[in-house]
Amino acid sequence: MAISLALWGAVLCCCLTVASAAVVERKWREEQLPRERVRATVKPGPLKVFILAGQSNMVGMGATDMVNNSDPNHGQLNGTLKYLVSHPRTKEEFSACVNASGNWTVRDDVWMWSNDEGGPDSGYWGPFSVGYGAGAYDTRSPPRIGPEYGFGFVVGDAFEEQVLLLKTAWGGKSLAGDFRPPSSGGTVGPVYELMLAKVRMVLANLTHLFPAYNATAGYEIAGFGWYQGWNDGLSESMVSQYETNMVNLIKDIRKEWKVPTMAVSIPVSGFGGWNLTIPRRLQEIQAQFNAANATLHPDINNAEQPSVAAEETRGFWRDAKYSPSNRVYHLNYNAETYWYIGKVMGEAMVKMIKPSTT
């Protein structure tokens, strides 16, 4: 049956101090539409944790609900999630997102935690659904989605164990500076350090954040999804470092999280689609593919049993006339674009972790 998010009672915003586990909670936003619960039986075993990171397009600008005010019927703008779940071209692809009544799906077999713009002890969390994109606290506007949305459906369907998506993303950040990994030398990026702090905080407090968590079974960090590139693509200097920095990031987070062959999935920065001609942005895409190339970087990848993959995304680009916005740097707010980017990121992840079943 349909259930309001208020009845869940666990999608909350908090300030949580790891050392003392002291928690000050306040209710997260209500959605304009009720959500439909999907209760799945999960297999006993360690919680599968997937860490997602990047800049504003990992935060997620995909529009779920934007009305066309020039339309006398106030219909949905092309490219919103509400448009996609009802349009003949796309409704089959997006059928899992809603029930017959039009309520957003909530998955209990997938949990979600996402940072806000606060310090290392703040974020919001709950069952997987729409609304973990940008502006999650702003009740004046509809919820948004990022790549976590398509990704969550893919990994939720692929694994029988409980899944947690742990998203750490901030707008306007570069890999060369903000996320700069220690192995690249120079000053370690402050957002790299903040990402690690967020992950430590969540993993140290799973029992509080998700009361159904089985502490006896524990958790395992199963994979890392990275979607980023706009800021580095503004600078030839940062683009020239991108491949090296990406390889070093993979090395350093695997060491930090003690998972030497952790699966890493990298959807490339396909802004503008196949019409993209800006040399430095094409170079950045190639750098992302190169970082996942086992021949070029056998120290982080293995051609026979891959653990790093980069995925083409330019085919998912939707022009502004088919989108809720014309903001190229935010993928024109197109939920279809975000959905497919998340899906390919998830499909590559599953293939690396479960090669015999894909």
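Which residue stands opposite L52 in β11? The residue is G225. The sections below place that pair in the rest of the fold.

## Overall composition

The model is predicted. Its chain has 358 residues, and 58% of them count as buried. The secondary structure amounts to 9 helices and 13 strands.

Among contacts with a separation of 6 or more, 70% are between residues 24 or more positions apart. The accessible surface of the chain is about 14800 Å², and carbon and sulfur atoms account for 53% of that surface.

## Strand β5 and its partners

Strand β5 covers residues 47-54 and runs parallel to β11, with 8 bridges joining the two. Besides the L52 and G225 pair, K48 stands opposite E220 in β11. Strand β10, residues 163-169, is also parallel to β5, and 7 bridges join these two strands. L52 stands opposite K167 in β10, and L52 stands opposite G225 in β11.

Burial of β5 extends to 8 of its 8 residues. Both faces are covered: one side carries L47, V49, I51 and A53, the other K48, F50, L52 and G54, and all are buried. K48 therefore has a relative accessible area under 20%, as that is the cut-off for buried.

Strand β11 spans residues 219-227 and is mostly covered, with 7 of its 9 residues buried. Apart from its bridges to β5, β11 pairs with strand β12 (residues 263-267) in the parallel sense over 3 bridges. Within this pairing, G223 stands opposite A263 in β12. From β11 the chain passes through helix α7 (residues 236-257) to reach β12, and this β-α-β crossover is right-handed.

In soluble globular proteins, nonpolar side chains tend to be buried together. Here the largest nonpolar core has 52 residues, and those with the most contacts inside it are F50, L81, Y149, F151, V155 and L165. Helix α9 (residues 335-353) gives the most to this core, with 11 residues. F50 is also one of the buried residues of β5.

Beyond its neighbours within four places in sequence, L81 is in contact with A63, T64, F94, W104, V130, Y149 and A335. A second, separate core has 44 residues, including A53, V202, F210 and L249. A53 is on the side of β5 that also carries L47, V49 and I51.

R107 is in strand β7, residues 104-115. How far apart are R107 and F128 in space, C-alpha to C-alpha? The distance is 5.2 Å, although the two residues are 21 residues apart in sequence. R107 counts as buried because its relative accessible area is 8%, against a cut-off of 20%. Its side chain makes a polar contact of 2.8 Å with the side chain of D109. The side chain of R107 also reaches the backbone oxygen of G156 at 3.3 Å.

R144 belongs to strand β9, residues 144-145. Its relative accessible area is 18%, and since buried means under 20%, R144 counts as buried. A polar atom of the R144 side chain lies 3.0 Å from the backbone oxygen of M61. Not counting residues up to four places away in sequence, R144 touches G60, M61, G62, A63, T64, G131, Y132, G133, A134 and Y333. Of these, A63 and T64 are also in contact with L81.

Most residues other than glycine have a negative phi. L331 is in the loop between β13 (308-311) and α9. L331 is buried, with a relative accessible area of 2%.

Y333 lies in the loop between β13 and α9 as well. Its phi is also positive, about 60°, and Y333 is not a glycine. Y333 is buried, with a relative accessible area of 9%, and R144 is one of the residues it touches.

Methods
Residues are numbered from 1 along each chain as its sequence is written. This is a predicted model: local features need pLDDT of at least 70, side-chain atom pairs count only at pLDDT 80 or more; totals for chains, interfaces and linings use all residues. Side-chain values use heavy atoms; hydrogens and water are left out. Helices (H or I, at least four residues) and strands (E, at least two) are DSSP runs, numbered from the N terminus. Buried means under 20% relative accessible area, exposed over 50%, partly exposed in between (1.4 Å probe, protein chains only). A polar contact is a pair of N or O atoms within 3.5 Å; within protein, one must be able to donate a hydrogen and the other to accept it, and residues adjacent in sequence count only if both atoms are side-chain atoms. Contact means heavy atoms within 4.5 Å. Two strands pair if DSSP finds at least two bridges between them. A crossover is right-handed if, with the strands pointing away from the viewer, the path from the first strand over the helix to the second runs clockwise. A nonpolar core is a set of buried Ala, Val, Leu, Ile, Met, Phe, Trp, Tyr and Cys residues joined through side-chain atoms within 4.5 Å. Accessible areas come from the Shrake-Rupley method with a 1.4 Å probe; for residues, only the protein chains shown count as cover.
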